[in-house]
Amino acid sequence: MFQRSSTIRKYCTTKFGLRLYDGREKEKIPLRVADNLKPFLSFYTCGPTVYDSAHIGHASCYVRLDIVQRIMRHNFRLPLLTAMNITDIDDKIITRANERGVPWQQLARRYEDEFWSDLNRLNVRSPDIKLRVTEHIPAIARFVQTLIDKGFAYRTSDGSIYFETSKYEHYGKLQKVVMEPAIATATGGKRHPSDFALWKASKPGEPFWAANFGNGRPGWHIECSTMASHVFGSRVDFHAGGLDLRFPHHENEETQSCCYHDVPDWVTHWIHTGQLHLEGQTHKMSKSLKNTITVAELLEKYEPDEFRMLCLLSHYRSAIEFGPESMTTARNVLRKFSSFFGDSKAYIDGLKPATFSAILYSPSVTSSQWYKKRSMVPQIKATQTCPHSSGLPTSVRFWQ
Ligand SMILES: [Zn+2]
């Protein structure tokens, strides 16, 4: 396997053969490293909009990405630097806060704290960098202004700013889009249905921030582009999120970021996780469908590792089916692993030497099998040799 002493510039993709499914190419491609001189590989994940408790559909996405990141870090020794945003200003947050009669900031902080607590309980490693939208408003306004100055954005009659998708010839990189002729619609003055809001003009009673192009607040897509660019620059090595974010969210992020940075591609690898649905249902878990199970409700019934095992039983891009049957399977598989590791430790601790010796010294064990078994027990001294070889030591001792 890979040596800890390897320097970061030695993460040679051809040598290690790491291939990743790419959400844009729609096939597995070799790992591409944009800048060999960079001391890290950037990995940005779209975080939640904090207006309610996270459900296990969200949790499955973050657990799966945690597994992917751990494999990258520990197996391939990739020096990841990870970031995730928290959307702490949004229509849903304002609406929910008004319904409950609490300040929107208070509501957002409460559910943000709960979200990080949920991830911690699920043993998901925290991102290296946590980003809040409301702490990056000036940077977002500058990003929007640049797109206006470059001629990619326009102002509608209500004072909002929209990105004009027809100005970007590569729109539809992640998902093919049929670009119909641009027409002015009656609602909001968008020039084309695919155009998206960069800046939403403020309405009476809503929170807003001042900008050169009018008072308002950021659109959803612009926040991720700005914050990821703020910390990682004009190239992001990995960008991840649930499959439902591929279009339009990630498409729009890529579009506006390429225009802002003047680069052909902003993200090198797009990683999307499959969605979770309940057993017997075909649609994903969603608050709007009222079929959610919160992380707290999950952990009342199951252990975090049982849920993690459920996530491991399918490819991270596949859908996950959640229910009593699939969780029983996950629990049983986890028990088998626990039993295996318990037995292994017993062998290593010398609690089951006779059994191990019986296997190791069985007359039917060939030399190649012996070496294979020996490799499974690292505590055997490296200098010890196969007892089947002539003239060599015949005893095997364990480290004390
Ligand atoms: Zn995002």
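This is a short walk through one predicted model, from the whole chain down to single residues.

Let me start with the overall picture. The chain has 400 residues, and 34% of them are buried. Its secondary structure comes to 12 helices and 13 strands. Now look at contacts with a separation of 6 or more. Of those, 71% are between residues 24 or more positions apart.

Take α2, residues 56-75. At 1.5 Å a residue, its 20 residues should span 28 Å, and the end C-alpha atoms are 27 Å apart, so the two values agree. Just after α2 comes R77, with a positive phi of about 55°.

Next, α10, residues 324-348. This helix has 25 residues and reaches 36 Å from its first C-alpha to its last. That is close to the expected 36 Å at 1.5 Å a residue. How many of the 25 residues of α10 are buried? The count is one, so to speak a helix that is hardly covered. Just after α10, G350 takes a positive phi of about 80°.

Now helix pairs. There are two I want to show.

Pair one is α3 and α4. Helix α3 is residues 91-100, and α4 is residues 104-121. The axes of α3 and α4 come within 8 Å and cross at roughly 110°. Angles of 65 to 115 degrees count as roughly perpendicular, and that makes α3 roughly perpendicular to α4. Which residues meet here? From α3 we have I93, I94, R96, A97 and R100. From α4 we have W104, L107 and A108. By class, this contact of α3 with α4 has six nonpolar residues, two charged and no polar.

Pair two is α6 and α7. Helix α6 runs over residues 220-232, and α7 over residues 246-261. Their axes come within 9 Å and cross at roughly 55°. The two helices are therefore oblique to each other. The crossing of α6 past α7 is right-handed. On the α6 side, the contact is made by W220, H221, I222, C224, S225 and S229. On the α7 side, it is H249, N252, E253, Q256 and S257. What is the class make-up of the contact of α6 with α7? Seven residues are polar, three nonpolar and one charged.

Stay with α7 for a moment. A cis peptide bond joins F247 and P248, with omega at about 5°. P248 is found in α7 itself.

K26 is one case, with phi near 65°. K26 sits in the loop between β1, residues 19-22, and β2, residues 27-30. Is K26 buried or exposed? K26 has 9, so K26 is exposed.

N123 is another case. It is not a glycine, yet its phi is positive, about 65°. N123 is found in the loop between α4 and β5, residues 129-132. N123 has 12 other C-beta atoms within 10 Å, so N123 is exposed too.

Last stop: S202 and G216. S202 is in the loop between β8, residues 196-201, and β9, residues 216-218. S202 has 18 other C-beta atoms within 10 Å, so S202 counts as partly exposed. Leaving aside neighbours within four places in sequence, S202 is in contact with F208, N215, G216 and R217.

That brings us to G216, in strand β9. G216 has 25 C-beta neighbours inside 10 Å, so G216 counts as buried. What does G216 touch, leaving aside its neighbours within four places in sequence? The contacts are G159, S160, W199, K200, A201, S202, F208 and A211. One more distance. G216 and A141 are 75 residues apart in sequence, and their C-alpha atoms are 9.9 Å apart in space.

That is the tour.

Definitions and conventions:
Residues are numbered from 1 along each chain as its sequence is written. This is a predicted model: local features need pLDDT of at least 70, side-chain atom pairs count only at pLDDT 80 or more; totals for chains, interfaces and linings use all residues. Helices (H or I, at least four residues) and strands (E, at least two) are DSSP runs, numbered from the N terminus. A residue is buried if 20 or more other C-beta atoms lie within 10 Å of its own, exposed if 12 or fewer, and partly exposed in between; C-beta atoms are placed from the backbone. Two residues are in contact if their C-beta atoms, placed from the backbone, lie within 7 Å. Axes are lines fitted to C-alpha atoms, for helices over the stretch in contact, and angles run from 0 to 180 degrees between N-to-C directions. Angles under 35 degrees count as roughly parallel, over 145 as roughly antiparallel, 65 to 115 as roughly perpendicular and the rest as oblique. A crossing is left-handed if the near helix is turned anticlockwise from the far one by less than a right angle, and right-handed if clockwise. Ala, Val, Leu, Ile, Met, Phe, Trp, Tyr, Cys and Pro count as nonpolar, Asp, Glu, Lys and Arg as charged, and the others, Gly among them, as polar. The expected span of a helix is 1.5 Å times one less than its number of residues.
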